[in-house]
Amino acid sequence: SSMMEGILQWILPVANAEEGSIITLEEAVEPTEEEIAILKDAMNALYDEQNFVKAEPLLTRAISMWETKPAFERNELYHLRGNCYMYLRRPAEALKDYDKVVKYLETEEGAELTPQEDKQSLFLAIARALRSKGVLSSDINIAKKQQAEAA
């Protein structure tokens with residue numbers, strides 16, 4: 001699909017590096033055929049098939065393969081897997097992935113390289129995950145109760 005192709009173009013090219021090192025765009029190298037195949041399978045399962053049970057382990061494997069790649073690429077995968085977890089009704093796991101993306105956004109690179117619409121999408125996803133866990137609704141109920149008591 002065109003969406004999957006767009007995501008693949010956004011995520012690629014990638015780089016290999018020693019663990020813990022920061023990888024710049026200039027150091028990026030082409031991904032292996034296996035990495036591309038896993039990523040394509042994950043995107044196909046997520047978007048074309050909307051088979052979230054199938055997509056989740058593929059995204060997990062892609063994240064594992066991308067652990068030594070530039071952070072901006074890896075973080076998009078965490079965001080996508082977080083969304084997948086939400087479709088699987090697993091908001092606690094989604095929030096863990098979203099938290100990794102937020103931490104990246106707090107870096108200079110993350111703030112600079114992440115488009116505004118991606119940031120907005122992430123924060124909307126976080127709000128949905130919190131609401132699914134009942135966090136937001138309980139806070140709203142507490143606020144309503146406090147407001148009623150004050151009146």
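Of the 151 residues of the protein chain, 38% are classed as buried. The structure is a predicted model, and its secondary structure consists of 8 helices and 0 strands. Read from the N terminus, the order of elements in the protein chain is accordingly α-α-α-α-α-α-α-α. Contacts between residues 24 or more positions apart make up 55% of those in the protein chain with a separation of 6 or more. The accessible surface of the protein chain amounts to about 9,200 Å², and carbon and sulfur atoms contribute 52% of this area.

The mean pLDDT is 80, with 70% of the residues at 70 or more. Helix 3 (residues 52-65) has the highest confidence, with a mean of 96, whereas helix 1 (residues 2-11) has the lowest, with a mean of 52. For residues 12-21 the pLDDT falls below 50, although this stretch makes 30 contacts in the model beyond near neighbours in sequence.

Alanine 111 is located in helix 6, which spans residues 108-113. The relative accessibility of alanine 111 is 39%, and the residue is therefore assigned to the partly exposed class, the range between the cut-offs of under 20% for buried and over 50% for exposed residues. When neighbours within four places in sequence are set aside, alanine 111 is in contact with Leu105 and Lys119.

Terms used. Residues numbered from 1 in each chain as written. Predicted model: local features only at pLDDT ≥ 70, side-chain atom pairs only at ≥ 80, totals over all residues. Heavy atoms only, no water. pLDDT = per-residue confidence, 0-100. Helix = DSSP H or I, 4+ residues; strand = E, 2+ residues; numbered from the N terminus. Contact = heavy atoms within 4.5 Å. Buried < 20%, exposed > 50% of the residue type's maximum accessible area, 1.4 Å probe, protein only. Areas by Shrake-Rupley, 256 points an atom, 1.4 Å probe, with all protein chains shown as cover.
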